[in-house]
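Please open the structure in the viewer and keep the selection tool at hand.

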Amino acid sequence: MTQITSEADTKTFEPLAARGAPTRQIGPLNWLRKNLFSGWLNSLTSLVLIGVLLWVLPVMINWLFLDAVFRGNGEVCRQSAGACWPFIYEKIPVLMVGVYPQELIWRPAVAGVALLALVYLTFSDRIRGFVLISAWLALPLFALVMIGGAFGMTEVNQSLWGGLMLSILLALVGVIVSIPLGVMLALGRFYGSPLVKALCIGFIELIRGVPLITILFMVSVMMPLFLPPEMIINNLMRIQIGMIFFSAAYMAEVIRGGLQAIPKGQTEASLALGVSPNRTILFVIVPQALRHVLPPLIGRCIALFKDTSLVIIVGLLDFLGMIKGAALDPDWLGFQTEAYFFAAFVYWLICYSLSRYGRALENRGPNGAKR
Amino acid sequence: MTTKIESRVTTNETVIEVAKVNKWFGDFHVLKDVSLSVKKGERIVICGPSGSGKSTLIRCINHLEEHQEGRITVNGTVLDENLKNITNVRREVGMVFQQFNLFPHMTILDNLCFAPVWARNMPRKEAEDTAVMYLERVGIAEQRDKYPGQLSGGQQQRVAIARSLCMNPSVMLFDEPTSALDPEMIKEVLDVMVELASSGMTMICVTHEMSFARLVADRVIFMDGGEIVEENTPDKFFDNPQIDRTQKFLSQILAH
């Protein structure tokens with residue numbers, strides 16, 4: 001070692017004390033100038049947009065609230081320029097559960113409450129990990145038992161299931177089954193032997209190359225022709241399977257993207273520790289891959305929920321189907337706008353909640369965006 | 001760290017036997033007739049220019065790379081296609097990587113417990129106790145509940161060493177463990193490695209830390225172009241290299 005300097009010359013290093021960051025002055029006027037009117041192009045855009053808002057918002061508010069009818073019947077509504085909300089109130093049961101027997105309506109209601117409770121527990125982060133996953137796996141089974149009837153409860157034929165209940169059921173089972181299926185397809189395509197790989201690619205590309213409507217027709221109309229007559233799968237289940245396949249093919253490609261993003265060193269580190277290849281994939285690779293692709297995965301869940309509205313084509317009366325039916329009620333003719341507005345609002349509310357939950361998940365955990 | 005760590009080789013028991021190993025990456029002949037025998041308790045430092053095959057050699061020892069010709073025996077188990085043999089060897093051989101390769105989605109404690117629980121079926125409680133013991137040994141027990149991303153490079157590498165030790169390996173492989181570290185963090189990792197060496201662990205280290213090699217190594221091996229060029233005790237290797245290629249390499253790395 002060379003001597004860098006002699007003792008006598010040494011000065012002591014005194015670190016500077018850290019200062020707080022300067023606080024910015026943000027008055028409302030400053031904010032406006034900075035954010036909306038920072039140049040002539042921005043100012044013009046802002047003015048145009050404010051103009052559009054000033055034009056649209058009063059019209060909307062008038063129609064939704066000020067001129068709207070909140071109590072009465074079709075006659076009262078037709079005399080007013082605003083929206084007709086009594087129509088929606090009256091149709092709520094039918095929109096929620098379709099033609100489900102009136103006297104048994106408490107059963108889907110119980111399932112609905114269970115769903116809301118679980119949504120609350122999940123969104124508020126009160127349950128996690130194993131409990132969270134088991135609860136979400138158990139919920140659809142519970143809902144199916146409650147809606148369909150079992151263990152001595154009166155059975156309700158699947159042809160009577162409908163409304164928002166049916167939409168949510170299709171989406172919920174679809175998501176819960178298609179994510180693990182998608183993971184398996186992605187793993188097969190990424191790590192599988194040539195045969196497994198070819199099968200996975202074939203499945204994914206076949207399903208992705210066909211519109212959902214075609215798949216729904218296939219499972220609903222064509223599949224019974226090919227299956228032996230003693231093998232009767234009811235229409236709803238066939239459609240559910242079709243939706244699961246469709247969703248899984250897309251999920252698989254999203255998840256494969258996540259698998260590709262994991263550095264090779266992760267696999268090597270786990271293998272070098274003597275952990276088996278399967279456990280390495282299950283505990284090291286897949287959890288990280290899923291976290292990487294959370295935004296598009298949530299996107300697929302939202303898309304699946306909205307895609308359930310296509311089942312009307314193969315004869316199921318989901319939420320949108322019921323909305324259509326309600327708009328044709330002779331007692332309430334002419335209130336389609338309200339019906340579709342309500343439908344849009346419900347779809348938006350559910351999708352936006354999912355989207356918010358996805359964002360919250362991204363921000364959580366060791367590599368969250370907010371850390 | 002100035003005093004030479006005395007050799008701990010007490011038996012003639014061979015732990016690793018590499019015999020006439022050849023390996024190609026495509027058409028590139030990366031290992032040429034490499035033979036190496038490591039005794040229990042022996043500490044070996046491998047150095048050489050990049051692309052000389054030194055990392056590939058130690059990665060063959062736990063079968064992260066597959067050799068095409070020759071024979072590698074670890075603790076009496078021959079490494080071949082048999083996945084069970086490979087996994088058994090990997091449980092016996094710890095490895096520390098240049099890029100640490102901690103699992104970013106697990107806490108430090110979970111990183112350490114992962115392999116004992118899933119590869120040795122150790123009860124979680126016992127795995128945690130072992131993990132805490134090794135974390136204390138590498139001096140970062142207080143970080144146990146953090147995630148790897150919250151630690152400095154030096155701390156992460158110490159965790160990586162502790163993670164390997166949790167499997168109670170009989171051999172430790174180090175693949176350039178300090179090359180990705182800030183200068184000020186190299187020492188804290190080397191200190192852990194020196195401590196490990198003095199405890200009698202069998203070690204093969206690919207490193208360019210020559211002070212470490214002098215202090216710890218029983219043998220220094222110089223590789224170039226996929227073959228072992230020179231092999232000697234550290235004193236003879238550094239002070240009196242026999243082959244011109246070694247002399248040139250040493251003059252390059254000791255010059256700066």
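Predicted model: local features only at pLDDT ≥ 70, side-chain atom pairs only at ≥ 80, totals over all residues.

Begin by selecting A:L227, which is partly exposed, with a relative accessible area of 23%; in these terms, buried means under 20% relative accessible area, exposed over 50%, and partly exposed in between (1.4 Å probe, protein chains only). A:L227 is placed in the loop between α9 (212-226) and α10 (235-260) of chain A. Helices (H or I, at least four residues) and strands (E, at least two) are DSSP runs, numbered from the N terminus.

Residues are numbered from 1 along each chain as its sequence is written, chains are lettered from A and ligands numbered from 1 in the order in which they are written, and side-chain values use heavy atoms, with hydrogens and water left out.

Most residues other than glycine have a negative phi. A:D125 belongs to the loop between α5 (106-123) and α6 (129-148) of chain A and, at 25% relative accessibility, counts as partly exposed. Then move to B:F100, in the loop between β6 and α3 of chain B. B:F100 also is not a glycine and has a positive phi of about 65°. Is B:F100 buried or exposed? At 10% relative accessibility, B:F100 counts as buried.

Now display both chains. In contact (heavy atoms within 4.5 Å) are 26 residues of chain B and 19 residues of chain A. Select B:R90, B:H105 and B:W118: in chain B these lose the most area to chain A, together 28% of what that side buries. Between them the chains bury about 2000 Å², 64% of it on carbon and sulfur atoms; this is the accessible area (1.4 Å probe) lost by two parts on being put together, summed over both.

For the last stop, select B:R59 and A:E268, whose side chains meet in a salt bridge (2.6 Å, N to O). The term denotes a side-chain nitrogen of Lys or Arg within 4 Å of a carboxyl oxygen of Asp or Glu. The count between chain B and chain A is one salt bridge.
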